[in-house]
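Subject: Structure handover

Hi there,

Here is the structure I promised to pass on to you. Please open it alongside this email, and I will walk you through what turned up.

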Amino acid sequence: VSTAKPKVQLGQIPISKLNSQGSPTIAITPFCRLDHFSMALNHPAVHHEGWAQRRGVANQIKCAILAAGLGKRLEPLTARHLPKPLFPLGGKVPLAELWVRNMVAAGITDISMNLCVLAETIERHFADGSHWGAKIRYIHETVPSGTLGGICKQALGREAKTFAQEQPLALEPFRGSTLIAPSGDVVTNFNSALLEEMYDIHTRASAAFTMVLVPVPWERRKDFGTVVLEDIQDRKGQISRSGRISAFREKDPDSPSNLNNASIYMIEMDLLRELDALRTPARVDVPQPFYDFGKHVFPAMLKQLPYAKLSRDYLLQGVEYDGTWFDVGQKRDYLEVHRQLLDGEIDATLPFEKQPWGYVGTNSNIHPRAKIVAPVVIGNGCVIEEDPTVGPYAVIGDGWTVGHGATVKNSVLWESYPY
């Protein structure tokens, strides 16, 4: 993570590394001074009517983004600099912002986030959401309350269950019917059109809870929560199948399925109210814990958790998605996301000028004898001096200087954030 006016010198080791792959080398011939470059991007708050508005259901749907995870595997970045939902893509676009953009494109503007570590950084970036054409509100947690707690608090607000030493929330309860609840650190091309298709499947099946499923390598079943689908319907497109979930296996290497819970959910409010009544603090010392979707909610819905009885049968539905999906859990995942982004596999609009070798921001100086190895992102206010090598797969955040003879490849260098 950069400091003010950072510089990469000859012999310095890049902050982060990936295994390199071959890529064409491009030498910049003119000296590029981009002081007066202006981009013709639409303002995020200017958007067309989304499907939820066209169908008259926008007031029935709310988005609740899970953004309170501790990100232990990404420390010290997540403890001292940025929470994971604010990790930038391509040097600029926070992970959670992709979900905000998707929701607004769908016509869903009622958005909330639960926050914990470095909460003020997320709130400072998104503010009230008006920049994106949304209304964003926040739930602050001193201690994470699990996936169930995070969603119940965002949905039920001041009516959510409270425990000892907890104050009732000020947030008004959501009075609509359906929540869309993605994890704020998931990167995917599951866009607004696919959200509409998922909503159709969810409502036509009269499901109480629908989750997106993605296939994972069979040898990695031990790392993921996998599900078994029944009553399967084959479909055309990126949502290739849908069906009823009959079993959930938490990190079981012998699971009969490789369909992984992708942490993108659609949930009915009547189910959430019943789950909230059963909810416990998110602690392992609780005698009969009930705070986590994978460990408690799904087993309870499938009648596999003896101490948690629901008043009736609630349908747990799954949709299989065959597109791009990443859970940014570790540094290698974050770097692989950038590899896919720079290869054009991830749909994310970067606020930079497109170049044959990648992207470049404003007020950046690139020496004619600098060697740029595609693909590369060079942010705003950067200086690329004589005779360095930048790339392949290098993301240079705002304000960096890459010095004479230095090499930066397979790396992500953050700008210096004012948080």
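First, a definition for the helix pair below: a crossing counts as left-handed if the near helix is turned anticlockwise from the far one by less than a right angle, and as right-handed if the turn is clockwise. Please also keep in mind that this is a predicted model.

With that in hand, look at H5 and helix H7 (residues 269–278). H5 passes H7 in a left-handed crossing. The two helices pack at an angle of about 120°, and their axes lie 10 Å apart. Angles of 65 to 115 degrees would count as roughly perpendicular and those over 145 as roughly antiparallel, so H5 is oblique to H7.

H5 (146–156) also takes part in the lining of the largest pocket, where it supplies at least two residues. About 1700 Å³ of space lies in that pocket. The lining comprises 48 residues, and the closest to the pocket centre are Arg-73, Asp-185, Lys-251, Ser-263 and Asp-327. Among the other elements that each give at least two residues are strand E4 (61–67), strand E13 (239–250), helix H8 (293–301), strand E16 (325–327) and helix H9 (331–342). The largest share, four residues, comes from E14, a strand that spans 259–268. By class, the lining holds 19 nonpolar, 14 polar and 15 charged residues.

Finally, some backbone details. Most residues other than glycine have a negative phi, and most peptide bonds are trans, so a few spots deserve a look. The peptide bond from Glu-75 to Pro-76 is cis, with omega near 5°; Pro-76 sits in the loop between E4 and helix H2 (77–80). The bond from Ala-374 to Pro-375 is cis as well, with omega near 0°, and Pro-375 belongs to the loop between strand E20 (371–373) and E21. Ala-127 is not a glycine, yet has a positive phi of about 50°. You will find Ala-127 in the loop between helix H4 (119–126) and strand E8 (135–140).

Conventions:
Residues numbered from 1 in each chain as written. Predicted model: local features only at pLDDT ≥ 70, side-chain atom pairs only at ≥ 80, totals over all residues. Heavy atoms only, no water. 1 Å grid on protein atoms, 1.4 Å probe; cavity = no way out; pocket = protein on both sides within 12 Å on 5 of 7 lines; lining within 4 Å. Points joined across faces, edges and corners; volume = space filled by probe spheres on them. Nonpolar A, V, L, I, M, F, W, Y, C, P; charged D, E, K, R; others polar. Axes fitted to C-alpha atoms, helices over the stretch in contact; angles between N-to-C directions. Parallel < 35°, antiparallel > 145°, perpendicular 65-115°, else oblique.
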